[in-house]
Amino acid sequence: MLTIQFGQCGNQLGHTLFSEISTDMECVNTGVSYKTNYQYVEDTFNRWFSGISKSNDRLARAILIDTEQKVINKIYNNKNNSWTYSTKNVICQAGGGCANNWAFGYLVKGYELSDVILNCIRQEIEKLDHFDGFLLLLSSAGGTGSGIGSYITKLLHEEYNKKPILNTTILPFSFGEVCTQNYNTLLTLAKLYNESDINILFENEQIYNICTSLLKKSSINLQDMNKVISEKLLATFQPVNYEKHNINSLLSQIACHPSYKIAIIKSTPHIPVTSTSYEPIYNWNSYIHHLKQTLRISNLNSQLTNVELKIPSNLLSNTIHHTYATSVSNVLITRGTMLEQDLIMKNILKEKHLYANWNTIDWFTHLHQNRKFLNHDKFLALITNNSQISYSLDIFLNKTWKSYIHSAFLHQYKQFGLEEDDFLQAFSVLENVVKEYKELISHTN
């Protein structure tokens, strides 16, 4: 797999991601035999790294792309890790950024950098005996990640149309990032929906709330949030026991219908570092029950607790009835030791009422890895493609429409060649996505 990092957010997230990969590889308390751990580490290396540098550091199989040098320089010059980036895979065009403008990134900077970027990608792929696909990291708020990221995704779709393209898109806070963030997000999500195979969304507000509610951090920085996102991604993409598991098989399980190509990752447990050694002992079923509760949706406009921000409980109730989001598909990945007295009973996530009526096969997949993950005795990730996605997108669309009908900031995009029709087409794409997800029929358990 080749990771491509775009802009400030994508590069900072990528740096944290590879740091977490190395931490996971170097864990001592793995819960498995030396041979099993050795195979896990080797599989991890082959997935994420391209070799060893002259200074004996692991070389990340990643390409860094930005239009400003500050973040790139800070990341590349960080020598406190047992891994590094290849110098020739750092692409940074001096002369300023993309002014938080999707049109400038897509129509100007993306075009200018495309040849250099594609040549770099080809060189990385030519080294591989087997190529799984692309993992693109970007934010939708600014101009570089959203604009250049969208443009390169389009080119990859044209040149490597048989290889999976997975986008990881970070959605901005509702308020307070940049004044053009809603337009940038609209144009990014619409373009990626047509050009990539799946888009895994992370909402900054949700990640921030995990840091405050579960990790108990009083002062939260980008590194804290990127670490949570990285844990979710690695819980999804790190090796599992099933030998034939790869990016393509995971993609076919999550995005099994061409009209539903968006996913979110629910995960548990998230525990403060100071409390890791005192982690409460929950059985597998408590965690799985907790993840099922994260699929709840509000009924009759009632206010619903965000279950992912709550601590799991061993007290399971069979009497409370809830309304659940309708899923296209769910993939549960469990990591940790499974004992005879603590088996993984995943049947509550296989119940047919949780899924769309038209999906009659392969709506649920369970994958397991015996090795501990980042020193957690147990860690679970639920990659879900469900109707919850429509709620946040619908709110975002309404806010963006309000800006658009007043022509707010539109001149900033038109000066670089974007037309009214481009906005209307993007609105049409996303409104259709929301409509498709809303039409997934909900059932009550």
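1. Start with the ring cluster. Phe 18, Phe 45, Trp 48, Phe 49, Trp 83 and Tyr 85 are linked into a cluster by ring pairs. Keep in mind while you look that this is a predicted model.

2. His 15 is worth a look next. This residue sits in helix α1, which covers residues 7-25. Is His 15 buried or exposed? With a relative accessible area of 11%, His 15 counts as buried, because the cut-off for buried is under 20%. Setting aside neighbours within four places in sequence, His 15 is in contact with Gln 5, Ile 75, Asn 78, Asn 81, Trp 83 and Tyr 85. Two names on that list, Trp 83 and Tyr 85, also turn up in the ring cluster of point 1.

3. Now for aromatic pairs in general. A pair of aromatic rings is described by how far apart the centres are and by the angle of the planes. The count for this model comes to 25 aromatic pairs. One of them is Tyr 355 with Trp 363, a tilted pair at 5.8 Å centre to centre with 35° between the planes. Tyr 355 and Trp 363 are both buried.

4. Tyr 404 belongs to helix α11 (residues 389-405) and Phe 427 to helix α13 (residues 420-438), so the pair ties together parts that are 23 residues apart in sequence. Both Tyr 404 and Phe 427 are buried.

5. Two charged side chains sit over rings. Arg 335 lies over the face of Phe 373, at 5.7 Å from the ring centre. Lys 378 does likewise over the face of Trp 284, at 5.4 Å from the ring centre. Trp 284 leads on to the next point, as one of the buried residues of helix α10.

6. How many of the residues of helix α10 (residues 284-293) are buried? It is 9 of the 10, so the helix is largely enclosed by the rest of the structure. The buried set is Trp 284, Ser 286, Tyr 287, Ile 288, His 289, His 290, Leu 291, Lys 292 and Gln 293. As for what covers these buried residues, the cover includes the strands β10 (262-268), β11 (323-324), β12 (327-336), β13 (364-369) and β14 (378-386).

7. Strand β13 is itself well covered: 5 of its 6 residues are buried, so β13 too is largely enclosed by the rest of the structure. Strands β12 and β13 run parallel and are joined by 6 bridges.

8. Finally, step back to the whole chain. The secondary structure comes to 13 helices and 15 strands. A compact globule of 445 residues would have a radius of gyration near 22 Å, and the chain, at 21 Å, agrees with that. Along the principal axes, the C-alpha atoms fill a box of roughly 65 × 60 × 45 Å.

9. Buried residues make up 57% of the 445 in the chain. Among contacts with a separation of 6 or more, 83% involve residues 24 or more positions apart. The chain exposes about 19800 Å², and carbon and sulfur atoms supply 50% of that area.

How values were computed
Residues are numbered from 1 along each chain as its sequence is written. This is a predicted model: local features need pLDDT of at least 70, side-chain atom pairs count only at pLDDT 80 or more; totals for chains, interfaces and linings use all residues. Side-chain values use heavy atoms; hydrogens and water are left out. Rings of Phe, Tyr and Trp (its six-membered ring) pair if their centres lie within 6.5 Å; planes under 30 degrees apart count as stacked, over 60 as edge-to-face and the rest as tilted. Buried means under 20% relative accessible area, exposed over 50%, partly exposed in between (1.4 Å probe, protein chains only). Helices (H or I, at least four residues) and strands (E, at least two) are DSSP runs, numbered from the N terminus. A charge sits over a ring if NZ of Lys or CZ of Arg is within 6 Å of the ring centre and within 35 degrees of the ring normal. Contact means heavy atoms within 4.5 Å. The radius of gyration is taken over C-alpha atoms; the globule rule is 2.2 Å times the number of residues to the power 0.38. Accessible areas come from the Shrake-Rupley method with a 1.4 Å probe; for residues, only the protein chains shown count as cover. Two strands pair if DSSP finds at least two bridges between them.
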